[in-house]
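Keep the viewer open and try each task before you read its solution.

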Amino acid sequence: MGFQTDRVKFNVGGRVMETTATTLANAGRNSMFGAMFDDNWNLILSSNKEGERFLDRNPDCFGILLDLLRTGELHIPPNIPEKLLYREALYYGVLDHVRSAKWGPFDGNRLRLSQSLQGQAPGDGTAIRAGPDGGCCVAHGSMVHVYDWMLDEHPPLNLDYQRVNDVGWVDSDNVVIGVSERLGRGDGGMGLFSSHSGELRYKFQVCHENQVKSYTAGALSFSSDYKIFSSCKGRSNEYGVGVWDQVTGKQIDFFSEPLGWSLGDADKLQWLEGCNCLLVATMFPRKDNCYISLLDFREKKMVWCWSDVGAPFAVDEKRVRDAIAMEDNSSICVVNEFEDLGFMDLRSSAATGIRWSSRSRLMKGKMPEEPCYPKLALHGGQLFSSMNDCISVFCGPEWVLTSRLRRSYGGSICDFSIGGDRLFALHSEENVFDIWETPTPPII
Amino acid sequence: MQKKRAFQIEAFKHRVVVDPKYAEKTWKVLEHAIHEIYNHNASGLSFEELYRNAYNMVLHKFGEKLYTGLVMTMTTHLKEISQSIESAQGEIFLDELNRKWVDHNKALQMIRDILMYMDRTFIPSNHKTPVHELGLNLWRDVVIHSSKTQARLLDTLLELVLRERNGEVINRGLMRNIIKMLMDLGLPVYQHDFEKHFLDVSANFYCCESQKFIESCDCGDYLKKAERRLNEELERVSHYLDPRSEMKITNVVEKEMIESHMHTLVHMENSGLVSMLVDDKYEDLQRMYNLFRRVPAGLTIVKEVMTSFVRDTGKQLIMDPERLRDPVDFVQRLLDLKDKYDRIITMSFNNDKTFQNALNSSFEYFINLNARSPEFISLFVDDKLRRGLKGVGEEDVEVVLDKVMMLFRYLQEKDVFEKYYKQHLAKRLLSGKTVSDDAERSLIVKLKTECGYQFTSKLEGMFTDMKTSHDTMQGFYAGQGAELGDGPTLSVQVLTTGSWPTQPSPPCNLPTEILGVCDRFRTYYLGTHNGRRLSWQTNMGTADLKATFGKGQKHELNVSTYQMCVLMLFNNVERLTCKEIEQATAIPMSDLRRCLQSLACVKGKNVLRKEPMSKDIAEDDAFFFNDKFTSKFFKVKIGTVVAQRESEPENLETRQRVEEDRKPQIEAAIVRIMKSRRTLDHNNIVAEVTKQLQSRFLPNPVVIKKRIESLIEREFLERDKVDRKLYRYLA
């Protein structure tokens, strides 16, 4: 961009403001300012006699956005509705700037509760999933409610109004939901939706011996090379983990459940980029036993597996309720219903046992009336686990408890998710979900 | 009951559009702007106003109208552009296309700037094509795929390529821009509208050209031309094609110019691979390697032809009876052959491992065709270590020895080599002929690293013997030197039995002058070493004699022990017959004949005179002391007439000894294997024994079978009672 003069005068909705082209250049070529100052548009000629450029927009918002371009920081006075500001930012094409200035980079130990949102769905929530750009979606029964990062709600999603088992963001524009089948109707399965319009783009099929079968899609996971994984449960031989291509919508692979193991019922799938494997975990309430395995699809091999079949439970009731693979530590972290963390080594091909950490809080006898099973999440080397109405943060090589996020309202946390530098926690009562953010860095 | 009055609820008017023609008007403004942009008249436009107008249209739900309007307006303009391009005549067609393309891109950018808000909000949520992509798609459909332009563009591009191939200079910049345009329109456009045809035409072109070349050029020239074409295509890709085409077009050239003619090229009379190899045409060979490497099975052909040629050459060399007469020359020729091909592989074949392996296997093949190769190689070493290495630097010695080791590696019968090497080494050591102790030891070390400790232990024993003998002699003279006075000086080498390849031979009668000192030494030695036995190997010694001839001429004669015994007889008598000499000295007749021959029949060294003056020695021939002997040297070395190479019976004997030596080795290997395996079937034993012993020799399966039978007889093994093919180890 070649600028004839660095000073620029704007008349915005009657208020004259002056800034420099350098400041405006911070908005990038892909904004109104970027286009305006491109050589194609003759800057001098289109300004009036006073050298002002008239914009028929809100001057207060323009001022705020100008400050954003000047300092990189966003300060919204209380008298300006956020939504108005967002609309103005969209006009100028600097909405992304606003979003990235709104909250700071994620740090589990500096989280502040930013907002709580009340959903209108009846009944308990199933899952909440954070989107890559700070939006989220919440699954309730057979519906999925989608919110963008401004927490505006978009049209809800459903797949044949069947019970949603899992939901996930493929990218900021696309959401996949996996639902139960309706017997004999060919309904259910898995669908890819536009997060903006809620429209169904693909419905993913399972083929068995060249015949399309209906199935129940369980847990979901995605890989960076556009593959979608889902645990599948059909009526005959369709038990296992299916793989679909997100671009073509076609099924590309299927890992059938071996005898005496569980894949099709899995509660959790996690694609491990580093070792090119999929973690598949089936936990206690769904099955009588817990099965955790790593699948290598290229060789169709289970490269690592662990199960508590035959383990003595009468002694201390340590049943695994959630599992997460930590590639950096080559281990799998599991949690039981008392929020004890346990660790298993991934490097030995068959796990020998769980090394439970000794921080048992011995909750026996004082469980809340409607318990929620603990969940785990890993983000930026920090481990998160939810239990009842709070989320604990663990750090360091020994996973020391460093922070605890708690809100009294809404009951137990049934699910939480981290993404887009935000943490979303869904409470099982009242359909409330909390948004936790890291504040922007201090000025000095 | 009173009837309830029906309420009429009016629809809530959430927005009042002031002017019903608002949308139409706004669109007109934008449409006008788009016209102005295409007409290069944008300077009068206000960006803010247009941006706001587009925004308002989207905001007031006229996004669809805006979008369809855009598509129509742009299409109209592109149709005009298309016509103007179509009407461009001849050469300027591409120029015009390029110019319009640049214009269109600029206009598209400006249109997108105005419609940025629509691009950001309306388009994603309504699944429309973004403005920039839309502009490219319309350009593709309206301009490039217009019936007149599409074929013309392709023809023009292909013709330009053809002209460039024929040596004309074309406008590469323009070409690059046009190709870039096709790529900007998406990879499929580039591939379908250009690349596919380009490859077809190229294949045709190179098919014809290669046919022409193959008929008119020799192999070297052809390869040069092919290489140049390949480089031209690479250059073309780098100048104005998509980098992804590189593989495809080089494949075409490779296929048409190399793959379809490679057999013809390799076998081309007078210029093919064989003659390149013969004439050491490194550059041509390198070119062939680099080009053939690009096509599947190309190098295999080169390798096969080279291998069979090397085998033939080697076989000729090995089988040539002329060559077999001079072992040193024979081995030198082998080394030269190896050097030649090593150089070719290094300089032309990129040190390719597979070629090295092929060369090695060829050498292994033909060297072992001749059963005498081990002997000859040992003779070559012998020659080098006797005199060949005189005045040669230490590093050069290493080079020669390394080369010999390389030949040695090809030998299958390494134990035969060992046998000969031992004999030759013994001769060298005893006669003190070895040039360099370092070189000898260096070779032993090399053999040791190649074949292990046991291979060289006896050879090393020989060196130890030489050293101890030296010390013993010093001790002997230090203790007894005074008593000996000025009698003859004795130098004894005490050889350990077993380490040396000695054939037992009856001792001859030593002259009395020597006997005294010999007996003294015997007493001395046995006195210092308990429980040992000494026996004289008179067939292996040497002596220096001082002799005075007729005119008082004094000479020092360097002779063998046998010769000394003979000459000493003439101190007392003038004339002796062969028979008498044999009786007096007790030298075996065959040795005596040779010995007399060398004393009487060699010109310039004939210290004895013979009657009659024939070459052959008969029992009754008479010998005289040759009074008239003259020589310009003070020291006269009288060699023994020895067959340097083994005679036929000796050769057979050596082979027999080798076979005998192999038996215990094979047996040891069988026992070792069976001890660890306990039971094994016949074929596996043979395989394992062969594997274990192949570093020394290639055992014959028949021999192995005999050894197994012998071991069964001696109850080391037994046959399985059920399966007769299975053997069991008996602990």
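**Ground rules**

This is a predicted model, in which local features need pLDDT of at least 70 and side-chain atom pairs count only at pLDDT 80 or more, while totals for chains, interfaces and linings use all residues. Residues are numbered from 1 along each chain as its sequence is written, chains are lettered from A and ligands numbered from 1 in the order in which they are written, and side-chain values use heavy atoms, with hydrogens and water left out.

**Exercise 1.** Find out how many helices and strands there are in chain A.

Solution. Start with the terms: helices (H or I, at least four residues) and strands (E, at least two) are DSSP runs, numbered from the N terminus. Chain A then has five helices and 33 strands. Next, burial: buried means under 20% relative accessible area, exposed over 50%, and partly exposed in between (1.4 Å probe, protein chains only). Of the 444 residues in chain A, 53% are buried.

**Exercise 2.** Describe how helix 7 and helix 8 of chain B are placed relative to each other.

Solution. Two packed helices are described by the angle between their axes and the distance between the axes. Here axes are lines fitted to C-alpha atoms, for helices over the stretch in contact, and angles run from 0 to 180 degrees between N-to-C directions. The axes of helix 7 (residues 147-165) and helix 8 (residues 172-184) of chain B come within 12 Å and cross at roughly 140°. That makes helix 7 of chain B oblique to helix 8 of chain B, since angles under 35 degrees count as roughly parallel, over 145 as roughly antiparallel, 65 to 115 as roughly perpendicular and the rest as oblique. Now look at the residues that meet, where contact means heavy atoms within 4.5 Å. Among them are B:Leu153 and B:Leu157 from helix 7 of chain B, and B:Met175 and B:Ile178 from helix 8 of chain B.

**Exercise 3.** Work out which residues of helix 26 of chain B are buried, and what covers them.

Solution. In helix 26 (residues 578-585) of chain B, the buried residues are B:Cys578, B:Ile581 and B:Thr585. Seen down the helix axis, they fall within an arc of 60°, so they line one face of the helix; the arc is that of the directions from the helix axis to the C-beta atoms. Their cover includes helix 25 (561-569) and helix 27 (589-600) of chain B. After helix 26 of chain B comes B:Ala586, with a positive phi near 65°. B:Ala586 lies in the loop between helix 26 and helix 27 of chain B and, at 35% relative accessibility, is partly exposed.

**Exercise 4.** Explain why helix 25 of chain B is largely enclosed.

Solution. Eight of its nine residues are buried, so the rest of the structure largely encloses helix 25 of chain B. B:Tyr562 and B:Cys565 are among the buried ones.

**Exercise 5.** Count the disulfides over all chains.

Solution. A disulfide is taken as a pair of cysteine sulfur atoms within 2.5 Å. B:Cys508 is buried, at 6% relative accessibility. For A:Cys277, the closest cysteine sulfur is in A:Cys275, at 4.2 Å, again too far for a bond. A:Cys277 is buried too, with a relative accessible area of 5%.
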